[in-house]
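Visitor: I have a structure to read and would like to start with its overall architecture. Please take me through it step by step.

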2 protein chains.
Amino acid sequence: MRDLDREETYLVDRTGLALELRDLVGTGPVPGEAYPGPHAALGYGEGQFAALLSGLPDWGEEGTLFLLEGGYDLGEAAGMALLAETGQARVVRVGFRPGVEVHIPPSPLAPYRYLRFLLLATGREEVLRSVDEALLEERRRLGPEVPVEENPAKFLAYTLLERLPLFYSPLFRPLEGAVQTLFARVAKSLSLTPPPSALEFFLVGLEARHEQGDPLAAVLLGPGEEAALAKEILESRVDALAEVPATGANRLAQVMALWYRMAWTAYYLALLYGVDPGDHGLLERLREVT
Amino acid sequence: MRDLDREETYLVDRTGLALELRDLVGTGPVPGEAYPGPHAALGYGEGQFAALLSGLPDWGEEGTLFLLEGGYDLGEAAGMALLAETGQARVVRVGFRPGVEVHIPPSPLAPYRYLRFLLLATGREEVLRSVDEALLEERRRLGPEVPVEENPAKFLAYTLLERLPLFYSPLFRPLEGAVQTLFARVAKSLSLTPPPSALEFFLVGLEARHEQGDPLAAVLLGPGEEAALAKEILESRVDALAEVPATGANRLAQVMALWYRMAWTAYYLALLYGVDPGDHGLLERLREVT
């Protein structure tokens, strides 16, 4: 097995994702002007998670509508933009599609940058500060220089190795898909998310195939009564179970700290599988054709 | 391997789910009165899929708000009901929680009944007719009496046996979770759904674990440019790929026909695994404690 405390393990990181991860806080575009309220945000691709997490409505008749264009769209986004422009609201296009007003280049870590821009553009500097504090707090323990015994992201990566992760976050359900995306894009690996009725799924969905197939590793992201119930149900049904506590002064900071922890975990898992955690040329081609 | 064309295979169906599946169309409560518009619907558990599919807004200041209470709620639904009652809208509670006005008992097939009630209660009999027609059309080919060569649900169940299904439906993404729920609840088995950026996930998420673990079977539900792209991407990456065409006069009918086809498929898969496709006592206990 590869050793995350040895330098040669890091040679597969050809694009230097570790540096981007380490220096993430404070990166990304800042608003150059004041955007009139009320604010709304609609996102897809890399921008979707931030739009949901911001708590902004996804449509507004007046004020400013931020259109976060962070992925392929197959014409859908163009449709949204057109629709948006029929309203009274000013439409600000953010992302990496042609003609955007605010540019955020493609990256598996872009969700942070979309969120940061949204928080700054809507005057919520206080909330951004709490997010950044939570991320900096996490960073102290997650970098390559911190050995596995003191590094929860390295430790979790070892737990997930050769297992099929199953993510559950009653704190903010869209986090599950965001983490599934991180694991696909960074660790190049498969993971599971439950349907809306998650507890029922845990209770009855693991029976027929329980003895065969991949060993499952459940990862409970954040607190909640539902997480405690899930733990009780899953304990006897999965091969490994990890609880990731949420740190942060508010829900937004907690969710982002969990997301950041899982980004580091996906990074280490890529190294353990011996694959480059950086972005794939294939993704660029997908963006071009769609 | 068990044979779906032999009677003894059906002995594990102790609760007679085949009958409920066959006779589904036209079951469930009908509105006893006219509900003033505008209409809104908010659902969770078994009611969530119908609420989303109905296309109704999830909140209304006036008219009628249908609260579809089809699952455990951990206090959330009580909160929603309370919140709803602070508005001007009349709140109609539908489902199996204590004190509901319209009763729909728990069943893996309840989503149809919630949708039927909503369509009738909002005066969309025409749409319901198209849904029912699509389901009756499906039913002709899906029952136990139709042999496997002519029965696409039986055929698909054989394809999914001993594989990990991966569902994708660009036509209506919430269908994926609804089908994942059907497979858990009826087939007692595990399946996968992609995150919002599904094509990226398909492109890079299957690499590290490609050679190991369960063989994947991708199931593309319904049409669309994204489904065609997904097919192209997945063909070389999964062990089996099935395309399920959508029949029906409109999107709602198409989605429900796909859902119904997958309910039959989950039923047959349960039989192939030798497990009772009926509901689990454990679910009832979960409902009691939550």
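Visitor: Into which domains is chain A divided?

Guide: This is a predicted model. Chain A is divided into domain 1, residues 39-123, and domain 2, residues 145-273.

Visitor: How many Å apart do the C-alpha centres of the two domains lie?

Guide: The C-alpha centres of domain 1 and domain 2 of chain A are 28 Å apart. Their contact takes 12 residues from domain 1 of chain A and 12 residues from domain 2 of chain A.

Visitor: How many helices and strands are there in chain A?

Guide: Chain A has 11 helices and seven strands. Its radius of gyration is 19 Å, close to the 19 Å from the globule rule for 290 residues, so chain A is as compact as a globular protein of that length.

Visitor: What does the C-alpha trace span along its principal axes?

Guide: For chain A, the span is about 55 × 45 × 40 Å.

Visitor: What percentage of the residues in chain A is buried?

Guide: Buried here means under 20% relative accessible area. By that cut-off, 61% of the 290 residues in chain A are buried.

Visitor: And the surface: how much of it belongs to carbon and sulfur atoms?

Guide: The accessible surface of chain A is about 11300 Å². Carbon and sulfur atoms hold 52% of that.

Visitor: What share of the contacts with a separation of 6 or more comes from residues 24 or more positions apart?

Guide: In chain A, that share is 74%.

Visitor: Last, the charges. How far apart are the mean positions of the positive and negative ones?

Guide: Chain A carries 26 positive and 42 negative charges. Their mean positions are 3 Å apart.

Conventions: Residues are numbered from 1 along each chain as its sequence is written. Chains are lettered from A and ligands numbered from 1 in the order in which they are written. This is a predicted model: local features need pLDDT of at least 70, side-chain atom pairs count only at pLDDT 80 or more; totals for chains, interfaces and linings use all residues. Side-chain values use heavy atoms; hydrogens and water are left out. Helices (H or I, at least four residues) and strands (E, at least two) are DSSP runs, numbered from the N terminus. The radius of gyration is taken over C-alpha atoms; the globule rule is 2.2 Å times the number of residues to the power 0.38. Buried means under 20% relative accessible area, exposed over 50%, partly exposed in between (1.4 Å probe, protein chains only). Contact means heavy atoms within 4.5 Å. Accessible areas come from the Shrake-Rupley method with a 1.4 Å probe; for residues, only the protein chains shown count as cover. Lys and Arg count as positive and Asp and Glu as negative; His and the chain ends are not counted. The place of a charge is taken as NZ of Lys, CZ of Arg, CG of Asp or CD of Glu. Domain bounds come from an automatic or database domain assignment.
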